Amino acid sequence: MDRDKYVMLKAIVPQKETVSIGMIKNLLNVSTDEAEEMLNNLIQEGMVEAYSMDGTNFLVRK
């Protein structure tokens, strides 16, 4: 995982309502595996909810 891209993602996430793997892939131009790893790290850090709202989108904790 590219740490610089992850830091950018952490700065962007608080401005969003939801986060998805597709959004991360498009925003940072990363592979699906990298996007999943970044999303899992966001969940572990408590920035997003652990369970998706609709199977795709994860709610950002404010």
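Guide: Arg61 and Glu49 join their side chains in a salt bridge, 3.1 Å from N to O; that term means a side-chain nitrogen of Lys or Arg within 4 Å of a carboxyl oxygen of Asp or Glu. Arg61 sits in the segment after E2 and Glu49 in the loop between H3 and E2, so the pair ties together parts 12 residues apart in sequence. Helices (H or I, at least four residues) and strands (E, at least two) are DSSP runs, numbered from the N terminus.

Visitor: What kind of model and numbering is this?
Guide: The model is predicted, with local features needing pLDDT of at least 70 and side-chain atom pairs pLDDT 80 or more, while totals for chains, interfaces and linings use all residues. Residues are numbered from 1 along each chain as its sequence is written, and side-chain values use heavy atoms, leaving out hydrogens and water.

Visitor: How many salt bridges are there?
Guide: The count is 2. Lys10 also pairs with Glu45, with the closest N and O atoms 2.9 Å apart. Lys10 is in helix H1 (residues 3-12) and Glu45 in the loop between helix H3 (32-44) and strand E2 (58-59), so this pair links parts 35 residues apart in sequence.

Visitor: New topic: which residues of H1 meet H2?
Guide: Lys5, Met8, Leu9 and Ile12 in H1 touch Ile24, Leu27 and Leu28 in H2, where contact means heavy atoms within 4.5 Å.
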